[in-house]
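Have the sequence and the 3D view open while you read.

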Amino acid sequence: MKYISKSFYTTGIQCSKALWLKKYKSEVLGPTDESAEIRFKTGHTVGELACDLFPNGVKVDFNPNLEQMVKETKKLLGSGVSVIYEAAFSFENTLVIVDIFEIDSEGISIYEVKSSTSLKDIYLHDVSIQYYTLQNLGYKIKSANVVYLNSNYVRGDELDVKELFVVEDVTQIIISFQEAVPTNLQIFQTYLADRETEPNIDIGKHCKNPYECLALDYCWRVQRNIPDYSVFNIFNLGSKKQIELYSQGIVDVDDIPDNFEMTVNQKAAVDNYKSKQTYIDKTSIKEFLKTLTYPIYHLDFETFQQAIPEFKGLSPYEQIPFQYSLHIEYEDGRLEHKEFLADDGVDPRYELSKSLVENIPSNSTVLAYNMSFEKGVIRKLANLYGEFTYDLMSIHDNMQDLMIPFQKKWYVTPSMNGSYSIKYVLPALVPEFEKAYKELDGVQNGSQAMNAFAKLSSLDENEKQKLRNSLLEYCKLDTLAMLKILEKLKKEVNNI
């Protein structure tokens, strides 16, 4: 490799093996999923908007031949341009692209733009390699900064770019990193110099921190045969204890010694998995069922997020509800289904609120799975629309959580893998529904639903209608799944 870019450098910081695989064995890397593509597009959009903080700059257009970008940058600097977007610089074996490069009589300032709402350690390494490259080129660096989104910003009628972003000066931290940069570069170059020998680096917490590595499946499943449920999946078991077990050659949960130190809940999950038996606390489940009065309104929201809030009253990445499904279960077994799916391109919150209060009467039992999410959405809507506040808070206050019997360990079966997430509970109790989700066309999970709604406005009418139908079918299945879980609980406690 002639150059190490800032993205290769940060990959190497996380794991040198990942860097080597990225360069010489990319076929083992997992495919980039739809969520990753959305994140990439979001980062690009945020990066472009951040340029408005430094107006009148000139952008260096991307060129696969990065050396051409370096030449274009030199040309712009020679012409007296003071702000450059995507400025490119190379020094020996490094080549970096600086998001925003500002120069004045006192020196230069560099700005790395991120689409997150906080400063992360990996960003400092990103800026560090830029600082190293520029300093070695002889530039006097006045400041090094990270620009990220302000989570406390609430949009008014217009977008205020200066309030939307936080510009944090990290110069002193970056200076303290400089001694390590050439050492890191030497380590990476040593690994990359050998095209045949794959680095022998074991798995560990670095596989998912700060990002989940694209080589995860290769390193864990292919090379080490780590099963789908292993010591790494035990609920709330910290990475230190996971690595402790792994270092002893213990991967399978069945092999964990009985005297291994764990919390009560962790040990209970492990013991249940080992026993291969289902445990049901019928008394507690019966008491839970008594709290549900008919008709029961099974409710599920779908939401999306915007890094840059388009609508008044929103903050970056705030959950915006755009859809709900409502299965109404009557005591005689009769079912009724109601639903809402917002139009694309408009603020969906008012119409969704209006529909919700029309379809759920006051003082009705509303059932959700992990109700804290639904409650959070409803509270924000209630605060936003005074005309719906009373009715929305009635829904909020009468909500019950279907997760409780599983969270409280009243119903535990080994195939839940110690978790009470609906991802594990549903296939354990209603296995046929796992197939039902896989048979859905276009939208099969929450992430896909979020991404589908976000791209509706870019589709033609036929494609749009097809995707809207897919969204409706998916959300409908979510509340039907809740209904089936409740039905299973009733059958178990009544010995049917």
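This is a predicted model: local features need pLDDT of at least 70, side-chain atom pairs count only at pLDDT 80 or more; totals for chains, interfaces and linings use all residues.

**The overall picture**

Let's start with the chain as a whole. It's built from 20 helices and 13 strands, and its C-alpha atoms fill a box of roughly 80 × 60 × 40 Å along the principal axes. Of the 496 residues, 48% are buried. If you take the contacts with a separation of 6 or more, 67% of them are between residues 24 or more positions apart.

As for charge, you'll find 53 positive and 71 negative side chains. The centres of those two sets lie 3 Å apart.

**Rings, and charges over rings**

Now for the aromatics. A search of the whole structure turns up 20 aromatic pairs. Take Tyr324 and Phe340: their ring centres are 6.0 Å apart and their planes meet at 15°, so this pair counts as stacked. Tyr324 belongs to strand β9 (residues 320–329) and Phe340 to strand β10 (residues 335–341), so the pair ties together parts 16 residues apart in sequence. Are these two residues buried or exposed? Both Tyr324 and Phe340 are buried.

Elsewhere, Phe89, Phe101 and Tyr139 form one aromatic cluster.

A few spots in the backbone deserve a look, and the table puts them side by side.

| Site | Backbone feature | Value |
|---|---|---|
| Asn209–Pro210 | cis peptide bond | omega about 5° |
| Tyr294–Pro295 | cis peptide bond | omega near -5° |
| Asn370 | positive phi, not glycine | phi near 65° |
| Lys409 | positive phi, not glycine | phi near 65° |

Where do you find these on screen? Pro210 is in the loop between α8 (180–193) and α9 (216–222), while Pro295 is in the loop between α12 (282–290) and β8 (296–304). Asn370 is in the loop between β11 (365–368) and α14 (371–384). Look for Lys409 in the loop between α16 (404–407) and β13 (411–412).

Asn370 has a relative accessible area of 31%, so it's partly exposed. Lys409 comes in at 23% relative accessibility and therefore counts as partly exposed too.

Finally, go to Asp344, in the loop between β10 and α13 (349–359). Is Asp344 buried or exposed? Its relative accessibility is 18%, so Asp344 counts as buried; the cut-off for that is under 20%.

Which residues does Asp344 touch, leaving aside those up to four places away in sequence? They are Phe453, Leu456, Ser457, Lys464 and Arg468. For Leu456 there's a C-alpha distance as well: 6.2 Å separates the C-alpha atoms of Asp344 and Leu456, which are 112 residues apart along the chain.

Methods. Residues are numbered from 1 along each chain as its sequence is written. Side-chain values use heavy atoms; hydrogens and water are left out. Helices (H or I, at least four residues) and strands (E, at least two) are DSSP runs, numbered from the N terminus. Buried means under 20% relative accessible area, exposed over 50%, partly exposed in between (1.4 Å probe, protein chains only). Contact means heavy atoms within 4.5 Å. Lys and Arg count as positive and Asp and Glu as negative; His and the chain ends are not counted. The place of a charge is taken as NZ of Lys, CZ of Arg, CG of Asp or CD of Glu. Rings of Phe, Tyr and Trp (its six-membered ring) pair if their centres lie within 6.5 Å; planes under 30 degrees apart count as stacked, over 60 as edge-to-face and the rest as tilted.
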